[in-house]
Amino acid sequence: MAKRVLVVDDELDMRIFITTLLETSGYKPLSAVDGKEGLEIARQKKPSLIILDVMMPRESGLNMYRELKNDPEMKNIPVIMVSALSKKTFFHSQKVLDEYKGEKIAEPAAYIEKPPEPDELLEEIRNCLK
Amino acid sequence: MTQKILLVDDEEGIRKVLDISLSDSGFKVFTAETGKEALDIFRKMRPPIVLTDIKMPGMDGIELLQKIKQESPDTEVIMITGHGDMELAIRSLKFDATDFITKPINDDALEIALKRANEKITLKTRLREHTENLEQLVREKTKKLVEAERLAAVGQTVAGLAHAIKNITGGLTGGTFVLEKGLQLKNEKYLREGWDMLKGNVDRLKNMALDLLNYAKERAPDYHLCDPNRPAREVIDLMIPRARENDVSLEIESDESLPKVWLDPEGIHRCLLNLVTNAIDACINVDCTQRQGKVVLRILKTEGWAVEFQVVDNGCGMDEETKEKIFRRFFSTKGSRGTGLGLMITKKIIDEHEGAIEFDSEKGKGTRFIIRLPEKDQSTSI
């Protein structure tokens, strides 16, 4: 059966693009518009991979990522971050958050700056689902 | 030597508590209630460390951070953020804040942040001593600094532009990909979706180019004697499909008895298009509005002016911070979908008409923009 991949992004264009990429590469895409909906779907459907945007209204990708990694049932789902935020800024924010919360959250499986190139993204997806 | 520190927070209680705890730790503490006051004190006292709240009325912490970093990049700025302001805190890191600490302020966290800032300062000082021995180098460095400052202004504009273009290219790349898959697999759904993505992003590009051209042009309006209802009707016709798609009702209340007015029809078209687009976007924003979205474009005569246009929506409205910034270039609340050019250009066009633009808005209730154009007689407008 095709592996389920969850795409979380507030932008319609980005969701259509990534879900099409997944569908045409033999995966079963699921999509959500923000972190809150993303967590609900992740809990219900247990996807094999999550592709996550950082800056979203309502619940951001940062929170969703930490919640995923703190949930014993979901923390092993690999996450690819796709964001307009630069890689450096993202990793710095993770470090600072780790310090204040006194926890150590694992790094995402991959980090891609927007706009993602189809080949690059697909390669990371395949790497994660090998 | 006691070290100076500037503490900025609009809440008196926080200022008091932090003042005591910082003074105990051996700092000479200066306090400011607003961003503006902080900047004045900063310029006089030049403290190496600034501790500022992010959310403040008027100039907020992020703006203060940018101003301080512009004048004195070596100053370490630590941001104080409320619970749940993580996005703001991250934005501040982008502008080179040293660190951020969250409210309620934990003494250990504060100590760690201050220690880190001090380490950075020591490091920078040592580095500077090292380099400054070489007089030649200093001279070059100074020259470069002046140059850098001049370039910074240009750089900011270019960076804003590059960001807007990058967003659109992202949409185009995605659209091309989806469309190609549609062609390859003869899949109707992909074809349609890809095509819509391309069309939407080409429109965004076109609009941005138009906005930029308008921005760049220093020009007098190209006055014609026009029926003021006309540009309004054109904009409504253009925007009806988009409003319908998003389940927003779009209405025009024109006044056919209005006499003709001297105006630049293209410029006014652009202004109304920008305002109506914003109004529809405000109604779509699912965050804050559950009611049926409604946008009305009204054309009427007001005392003392040739014509007045009103664009009224019942969408998400603006908070005080947003209201202050809406006419600035590259300020946008639409995330990657906005360029931050629309309102700035609208204001520019109205200024060129010697008209007036104003608005009132309430968070969660809606927004009303008003444009007024002055009487012009033919002799002054040829």
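What is the mean pLDDT of chain B, and what percentage of its residues reach 70 or more? Good morning. The mean is 85, and 89% of the residues of chain B reach 70 or more; pLDDT is the predictor's confidence in each residue, from 0 to 100. This is a predicted model, in which local features need pLDDT of at least 70 and side-chain atom pairs count only at pLDDT 80 or more, while totals for chains, interfaces and linings use all residues. Residues are numbered from 1 along each chain as its sequence is written, and chains are lettered from A and ligands numbered from 1 in the order in which they are written. The model scores ipTM 0.79 and pTM 0.53.

Let me begin with chain B as a whole. Chain B has 11 helices and 12 strands; these are DSSP runs numbered from the N terminus, with helices being H or I of at least four residues and strands being E of at least two. Among the elements of chain B, the lowest mean pLDDT, 77, belongs to H6(B), and the highest, 95, to strand S10 (residues 307-313). Of the 382 residues in chain B, 34% are buried. A residue is buried if 20 or more other C-beta atoms lie within 10 Å of its own, exposed if 12 or fewer, and partly exposed in between, with C-beta atoms placed from the backbone. Two residues are in contact if their C-beta atoms, placed from the backbone, lie within 7 Å. Among the contacts in chain B with a separation of 6 or more, 63% are between residues 24 or more positions apart.

B:Glu321 lies in helix H10 (residues 320-325) of chain B. B:Glu321 counts as partly exposed because it has 14 C-beta neighbours inside 10 Å.

I turn next to two helices within chain B. Two packed helices are described by the angle between their axes and the distance between the axes. The axes of H2(B) and helix H3 (residues 61-71) of chain B come within 10 Å and cross at roughly 20 degrees. Axes here are lines fitted to C-alpha atoms, for helices over the stretch in contact, and angles run from 0 to 180 degrees between N-to-C directions. H2(B) and H3(B) are therefore roughly parallel to each other; angles under 35 degrees count as roughly parallel, over 145 as roughly antiparallel, 65 to 115 as roughly perpendicular and the rest as oblique. From H2(B), the residues B:Gly35, B:Ala38, B:Leu39 and B:Phe42 meet B:Glu63, B:Leu64, B:Lys67 and B:Ile68 of H3(B). By class, this contact has five nonpolar, one polar and two charged residues. Ala, Val, Leu, Ile, Met, Phe, Trp, Tyr, Cys and Pro count as nonpolar, Asp, Glu, Lys and Arg as charged, and the others, Gly among them, as polar.

Now to the place where the chains meet. How many residues does each chain give to the contact? Chain A gives 23 residues and chain B gives 25. On the side of chain B, the elements that give two or more residues are H4, strand S5 (99-102), helix H6 (135-185) and helix H7 (188-216). H6(B) gives the most, with 10 residues. This side of chain B has 10 nonpolar, eight polar and seven charged residues.

One helix pair spans the two chains. Helix H4 (residues 87-101) of chain A packs with helix H4 (residues 86-94) of chain B at an angle of about 125 degrees, their axes being 10 Å apart. That angle makes H4(A) oblique to H4(B). Their crossing is right-handed. A:Thr89, A:His92 and A:Ser93 of H4(A) make the contact with B:Ile90, B:Leu93 and B:Lys94 of H4(B). Two of these residues are nonpolar, three polar and one charged.

I close with some backbone details. A cis peptide bond joins B:Lys103 and B:Pro104, with omega about -10 degrees, and B:Pro104 lies in the loop between S5 and helix H5 (107-132) of chain B. In chain A, a cis peptide bond joins A:Lys114 and A:Pro115, with omega about -5 degrees. B:Arg46 is not a glycine, although its phi is positive, at about 50 degrees. B:Arg46 counts as exposed because it has 12 C-beta neighbours inside 10 Å.

How values were computed
A crossing is left-handed if the near helix is turned anticlockwise from the far one by less than a right angle, and right-handed if clockwise.
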